[in-house]
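This briefing sets out selected features of the structure shown below.

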Amino acid sequence: MSDLPTAARVVVIGSGIVGNSVVAHLAELGWRDIVQFDKGPLPNPGGSTGHASNFIFPVDHNREMAALTLDSQRQYEAMGVNTTCGGIEIARKPERMEEFRRRMTSATAWGIDAELLTAAEVAKLVPFVNTDIVLGGFFTPSVSVVDSLRAGTIFRERAMELGALKTVAGVEVLDIEVENGRVQAVVTDQGRIAAEYVVVASGVWSPRIAAMAGATIPLTPAVHQMIDVGPIPELEATGNEIGFPIIRDMDTFCYERQTGGSMEVGSYAHRPIFHRADDIPSIKESRLSPTELPFTADDFDQQLEEALELMPDILSTAEMKYAINGLLSLTPDGFPLLGETAEVHNLWSAAAVWIKEGPGVGRMIAEWMTHGASEIDAHHSDITRFYRYARNDHHVRARCAEHYNKTYGIVHPREQWASERNIRCAPYHARTQALGAVYFQAGGWERPHWYESNAALVEHYGIEDRPHEWDARWWSPIMNAEHLAMREGVGMIDLAPFVVFDITGPGALDYLQHLTVNSCNVAVGRSVYTPLLDTRGGFRTDLTIMRLAEDAFRVVTGAFDGPRDAHWFRTHLPTDGSVTFADNTSAYATIGVWGPKARALVESLTPDDISDAALPYGSTAEVLIDSITVRLFRISYVGEHGWEVYVPSDNALAIWDRLWEAGQAFGVTAVGAGVYGTTGRLEKGYRLMGAELDGEYTPVEAGLARPKVKAADFIGKDAYLAARAAEPAAVLCTLTVEDHVSPRDGIARYMCGSEPILTLDGDRIVDGKGRVSVVTSAGTGPTVGKFLLLAYLPPEHAVVGADLLVRYMNEDYPVQVAVAGSRPLFDPDDARMKG
Amino acid sequence: MSGLRILVCVKRVPAPGAQITLTPDARAVDARNLAFTTSPHEECAVEAALQLVEAHGGDITVLTVGPPEAEEQLRFSVSVGVQHAVLVSNDEMAAGDDPDPQATARTIADTVRTLEAEGDPFDVLLFGNESADSGGFQVGVRVARMLGIPIVNGIKGIDLADGVLTARREGDAGFEVYRMALPAAVGVKEGINLPRYPTLPGRLRSKKAEVRSIASTTEPGGLTMVRFATPTVELSETVLLGAGASAAAAVVDLLGELGLA
Amino acid sequence: MSGVPFVVIDHDRGVVGDDTRQALAFARACFPELPIAAVVIGGEQPEPIAGADSTFHIRHAALDDYAPEAWGDALHELAVAQSPSAIVATGTERGNEVLAHVAAIADQPFAANVIEAAPGDPPGTPWRIRRLRWGGSLLEDARLDATLPILSCALHVFPNVLPNAAPDRDREARPGAAVVEFVPNLGPDAGRTRIVDRVQVAEGITLTTAPVVVSGGRGVGSEEGFAAIEALAELLGAAVGCSRVVTNQGWRPHADQVGQTGKRVAPDLYIACGISGAIQHWVGMQAAKNVLAINTDPDAPMVTKADYAVIGDLHEIVPAIVDEIRRRRG
């Protein structure tokens, strides 16, 4: 009975909260000829939106998610479907109270009103809570419940009023046509519709829809159990849909939320229960809806007991009237899956989005599709962030199984995954293992973070341990010792996770010039470090490019950004075949050799001239080590003299062994990524993509603008020029912590990152663009003898010597601006590195 | 009288409301996405028993003949207040074969005799009018006949006084009234009451309850399922009168055409 | 058992229900070559049952009003005496109940709600039948292996109109001649279950007799949501019905429920508001002469199966219809 058009500019598949939000924001940004459809009926097509709990707790440790949530809450409020009820997270265990102090800190950072409560104060707000088992609470007054179905209708109506949208219910997608890697059309049970863009906003069905186009949307439908218990006179007496604050019983991973006269109890505590998008029942086969599956009571009994324990007065006589295994979307890392898919041009994913961030995600996607970038940086949510090994069911299920029960968990910012390990190992992995490497995972690689075999150095250098378990978690004083050993002698660093792209062909230079801020037209054998910008002038990435020949460039980027960067390079390749892009990451291993004795060590192994004259700083050449040809690249991220040694993978074990054996005479130390990525880097003030650098900041603010701008045009140039012409709204600074002693318990504390920087009056610092000053990186500077923080500060605070505060675990510590801009704190003239 | 002794016979069936799909051999319902429940008439029979015991004292035994999974339905009955649970099963049922009505009735009658031999006789036997899935309309009658006690089907109201059970059955313009001296059996119809749901403590209690297991050895009867089939739906051509409130005029025109307005 | 097949006539104190004629058509379909005997249990001597070749009347004081056990006993006695080749009835509440009793007494299988049946060929071998399960949402092919086959036909599958007489047999020529009286020897227990009283409910429009039923489903959303439906029903002299989910939610009493486990209705017009049309509901109103669906989902089964449909929110449409009727009536 529908009348599906035969063509559209954009087809949006899905009418849940995300699809509806996307069509509204696209329409408002001027898009027309949008066609949206859903397999189910409107306004509730039967996806996860239809059975969502619809509550929003805005405090999140992650800036991107907090921003999306706050934006969403504002949008719900503007639509008149946001009911503020307040929410209390309660602690049963002492470590949860510590986590609440951390949440208070995040609340401060994002400007959200919040309060720590005693058990008695919890009972004042929610009298039926059994305070005998409650240690305290974290109260967010702005917690709200929303009407996500109504919001969806309003979104669609907004787009229709603009004449931009046609929505058709009851349309099933059968196929998505792709030609030359670009989406062409969607084939449905009601006909084919040609489309320039297709947005998959199909929730738990997204993997199935994307697969029709040969793309992957790595999520799994997972069960979230909830029951409805009632009637409860105390709740009926409120006369409201929701009259009491929502309770999150954090240590049992449950929540209790009033719905009229009933209490909804939901859980993230039960065993992970996963489904497959292809096996979800159809609407007709579903008793309730396809995403409200039969309740498996046995999985919920533990939660019943805990809910009874928490609210015995109201829950012991009420009846369980409704109970479901609700389906929602889980991703390997817990972040949404947004943006153009890695495989198919103009096929966009807007998946794995929960009610709390739906409207914000819609805006983000629409801006991204319109401008090439969004106001809120999508670094964590970008669907192209996954390596191939992470885009299949095995990986998705393994990781989701691991993090499902951490939904309400206390997750350390440095926490490492237990599942899906040893996926990618350096060719000399056995050697680092033998040295007692403690591996952190980077882009799937097992990367030594420090070596237990260096434990004796801790005493040698007199390095103190961190007294607080939280600060010492996923950390070791050995890292600081390795740092000092490297600065004193020579260190070998496993850099196998480096991502290597070889870009060749007659068009290679022009192609790269179009992408990079700094000129790639350097002499053969020279290199350039450069930002790559999005159209808005924010960072897309930063990386290093070596010119290996007139028409051959080697791009090296970090393990965490490899797939995103590869997508960026691939989507901008010219179609005339003049440029070839090859991802050679697996073909090479890289070993860093740095320190005052690095030159002596490498020279002892090669007959070739690697003197400063022959191979000055920033240059690269192939040399022999015995019979093996390696590429030396004279550069350093840790501020020391030395090289990145690029070795074909099959030679890498041999080269590791030769360097290691020859290094014994020079006292070589195996040095972990703790030094490379944190201590060494921070002493030099080097910026890291995803920490200091993201789409919301410009090279000018990051202190990475060169004196001159190259003549060639490049993406983001207009915005870059504008940023250069204006006073920067913020300056990236290096700060030192002046006193580590906690006012509360008198022990030294060490920040982990993302803490807010405050004025001496304890006020949050927000720059002229509305961005808040938070710690982007934190770590010890063992050589400078200070604990270092990087943070963007507005110009009035970005003054060397300025005194400020950092808030950590809800306590304030004095900090001082040591550097405003990019000058290194250690060896400011780069004498060690370049000399 | 020290209280009533009531037996309720229940059947595990897929929860109604969803389109039913079949396994490829069409010999069973595809249960992958199905919820299972107590057949609705029998859910009401359990509620009727609970109300009788609340009014008159006594205890309730719930009995099912079916696969081991039917323990879920027995425990559900316990969770709403039933005291005893008995599961009668055998290998064929465990493999998914639904026993025919004659075999089911014989099994129940044998089990009742066993249970009564161990203790007091049952005063009231409650059945569902018919099972939601197979709809045989006969198990209760067969059991009552085997046990020699009276039964009335289609009952939507039960009262008990002085050892006499008064049962009401819906007729065209009201209720038919039946009276039976105890022991008596009743085939209960949905609508007699609104069955209660378990409380949280009820559910937790039911987890720990003992479910007695008895092996069934009954021979099959004369009605044998061969295969299932899905009925073909006759699609009429729907006349669309319009969308939204603006269609009201067309609706009233239609009422006029049909001579109804 | 090679005698004439029995068709049990469902009647209430002598008033024969329309639906019972469906069993005559069913028996005729099963046994095109055999004469058919109607069996009237209890009451005064009936007129010969049109459409049957002969009529048995079982007469006994215990059978005057409906008494399930006694009716079963009496029918069984007649069967023992006559050896019918089968006993069939329409699958009404009473039809199924009486057949269940006969089957229990005779320890014979009983197939309820049959829609197709083929007697064993040669006689004595199992029947092949097709019957309804799940109130009609599923069909079951089965073997009926019986010395006395007992079957009820599903309601509204076979026509109420009389099957054509076989040309070689002139029933009209022998009216009344075939009423044969049979007096059973009922045992002392036969009277245990019988109607001892009848309670009339308030007069008025009933679901089962109303010419129009306005019915609401999940889409109505609440108890209060039925106000507009009641207003429309009042204007049309209609009864209010509902789907199972509505009674489960407690929005309407169970007496209003239409469907497999509720009432079966056959009005001139059934207006389904916010009812998706699950098969369990459909079987309760499929006999309606006209169906009008009001639903937001153009692909809901109720809409696709209805004769007429309005797409949209019932909360806007139903009040608009009420207003329009009032406007036209002035």
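Which residue is the bridge partner of B:Ala243 in β17(C)? In this predicted model, the bridge partner of B:Ala243 is C:Ile311. The strands concerned are β13(B) and β17 of chain C (residues 308-311), which pair in the parallel sense over four bridges.

**Contact between chains B and C**

- In the contact between these chains, 64 residues of chain B meet 74 residues of chain C.
- On the side of chain B that touches chain C, at least two residues come from each of α5 (139-147), β7 (151-161), β9 (174-181), β12 (223-229), β13 (239-243) and α7 (248-257) of chain B.
- By residue class, that side of chain B comprises 37 nonpolar, 19 polar and eight charged residues.

**Helix α20 of chain A**

- Helix α20 of chain A spans residues 673-684, and because 12 of its 12 residues are buried, the helix is largely enclosed by the rest of the structure.
- The buried residues of α20(A) include the charged-class members A:Arg681, A:Glu683 and A:Lys684, and among them are also A:Val675, A:Tyr676 and A:Leu682.
- After α20(A) comes A:Gly685, which has a positive phi near 65 degrees.

**Domains of chain A**

- Chain A is divided into domain 1, covering 7-206 and 219-330, and domain 2, covering 728-835.
- The centres of domain 1 and domain 2 of chain A, taken over C-alpha atoms, are separated by 37 Å.
- The contact between these two domains of chain A takes 10 residues from domain 1 and 10 residues from domain 2.
- With seven residues, helix α3 (residues 94-110) of chain A gives the most to the side of domain 1 that touches domain 2.
- That side of domain 1 of chain A divides into two nonpolar, four polar and four charged residues.

**Nonpolar cores**

- The largest nonpolar core has 265 residues, of which A:Ile34, A:Val200 and A:Ala350 touch the most other members.
- Domain 1 and domain 2 of chain A each supply at least three residues to this core.
- Leaving aside residues up to four places away in sequence, A:Ile34 touches residues including A:Ala8, A:Val10, A:Val23, A:Leu26, A:Ala159 and A:Leu165.
- A:Arg9 is also one of the residues that A:Ile34 touches.
- A second, separate core contains 127 residues, including B:Ile20, B:Phe228, C:Ala70 and C:Cys153.

Note on methods. Residues are numbered from 1 along each chain as its sequence is written. Chains are lettered from A and ligands numbered from 1 in the order in which they are written. This is a predicted model: local features need pLDDT of at least 70, side-chain atom pairs count only at pLDDT 80 or more; totals for chains, interfaces and linings use all residues. Two residues are in contact if their C-beta atoms, placed from the backbone, lie within 7 Å. Two strands pair if DSSP finds at least two bridges between them. A residue is buried if 20 or more other C-beta atoms lie within 10 Å of its own, exposed if 12 or fewer, and partly exposed in between; C-beta atoms are placed from the backbone. Domain bounds come from an automatic or database domain assignment. A nonpolar core is a set of buried Ala, Val, Leu, Ile, Met, Phe, Trp, Tyr and Cys residues joined through C-beta atoms within 7 Å.
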